[in-house]
Amino acid sequence: MELRVLRYFLAVAREQSISGAANALHITQPALSRQLMELERELGVRLLIRGSRGRPVELTEEGKRLRLRAEEMIALADRTAEEFSEQDADVSGVVYLGAGETEGMRLLANAASRLRKRYPRVRFHLYSGIAEDVTERLDQGLLDFGVLVGESALQKYDYLSLPASDVWGVLVRADDPLAKKECVRPKDLWSETLIVSRQALQNNELTGWLGKKTEEMNVAASYNLLHNAVYLVEAGLGAALCIDGLADTSRGDLCFRALDPPVRGQLRLVWKKHRIFSRAAKLFLEALQAELHPEQT
């Protein structure tokens, strides 16, 4: 299975047209069709449902599965090529970072800025997702580093503890009764309509604090990243259990109230054990360590 042919297949999936993909790839349509048929024969499955009378090309279930794998393989191949093209005298390349929404990203941003001032050809790619998404990409070699909260999965990775922690609380409208409290206690939420992160639901992160199972609570919605969930809070759907510092409360229409007793999550930068870093990734880690310990630089 050649990477070139996988790139052809992804172009067809993107364009939803063999002729359109052929134009984008600057090859003839018959040549592209032949390559696709050979790929189907090699895998022993049908990948495409070819459209007729101007209808778009569709992927079969096997084609959808191959698209996901092909994207991963192409991304990894491109990363490998980038790493070997780097030269110590003129460092370049991309550092791949993954994290959920967290104020801890400020530390990584400062380190990235420090590194770019010295090596302006180094670039960064940020991937946002929940811990499950980040660890999956770490394991596949698609990320250099990930930011994780708590102790989960640390046995799989090397890590650097960050001098920051996520503080859990509740985001509510300013006219919500909870906004009048200095902090929020478990019983305050037992009868509330809640909007909860999918990761917190899956991992039962707040079950112990709440004193109830999440299925016993009135959960109206779940979210991956908080940005869009803020609109649900503004619309009056409920109170969002979330991390402090992620939503703009400066306008006065929303407010954040921390949980009491406090719930905090220690932040760590993690990377795959025995990973051989690119030059750019290695320098980024050194820049972050310098950011955390400036007295040693």
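Is Thr-60 buried or exposed? In this predicted model, Thr-60 is buried, because its relative accessible area is 11% and buried means under 20%.

**Thr-60 and its surroundings**
- Thr-60 is located in the loop that lies between β2 (58–59) and α4 (61–85).
- Apart from neighbours within four places in sequence, the residues in contact with Thr-60 are Arg-46, Leu-47, Leu-48 and Ile-49.
- Leu-47, one of these contacts, is also included in a nonpolar core of 21 residues, together with Ala-21, Leu-59 and Ala-70.

**Helices α2 and α3**
- Helix α2 (residues 18–25) and helix α3 (residues 29–43) have axes that come within 9 Å and cross at roughly 110°.
- The two helices are therefore roughly perpendicular to each other, since angles of 65 to 115 degrees fall in that class.
- On the α2 side, the residues that meet α3 are Ile-18, Ser-19, Ala-21, Ala-22 and Leu-25.
- Their counterparts in α3 are Gln-29, Leu-32, Ser-33 and Leu-36.

- Strand β3 (residues 93–99) runs parallel to strand β4 (residues 122–128), and seven bridges join the two.
- Within this pairing, Gly-93 has Val-122 of β4 as its bridge partner.
- Together with helix α5 (residues 105–118), β3 and β4 make a β-α-β unit that is right-handed.

**Nonpolar cores**
- The largest nonpolar core holds 26 residues, and the members that touch the most others are Leu-108, Phe-145, Leu-162, Leu-269 and Phe-284.
- Two or more residues of this core come from each of β3, α5, β5 (145–149), β6 (157–173), β11 (264–272) and α11 (279–292).
- Helix α11 gives the largest share, with eight residues.
- Beyond its neighbours within four places in sequence, Leu-269 is in contact with residues including Leu-108, Phe-145, Leu-162, Leu-285 and Leu-288.
- The core of 21 residues that includes Leu-47 is a second, separate one.

**Val-170 in strand β6**
- Val-170 has its place in strand β6.
- Val-170 counts as buried because its relative accessibility is 1%.
- Although Val-170 and Leu-241 are 71 residues apart along the chain, their C-alpha atoms are separated by 4.6 Å.

Technical notes:
Residues numbered from 1 in each chain as written. Predicted model: local features only at pLDDT ≥ 70, side-chain atom pairs only at ≥ 80, totals over all residues. Heavy atoms only, no water. Pairing = 2+ DSSP bridges. Helix = DSSP H or I, 4+ residues; strand = E, 2+ residues; numbered from the N terminus. Right-handed = clockwise from strand over helix to strand, strands pointing away. Core = buried A, V, L, I, M, F, W, Y, C linked by side-chain atoms within 4.5 Å. Buried < 20%, exposed > 50% of the residue type's maximum accessible area, 1.4 Å probe, protein only. Contact = heavy atoms within 4.5 Å. Axes fitted to C-alpha atoms, helices over the stretch in contact; angles between N-to-C directions. Parallel < 35°, antiparallel > 145°, perpendicular 65-115°, else oblique.
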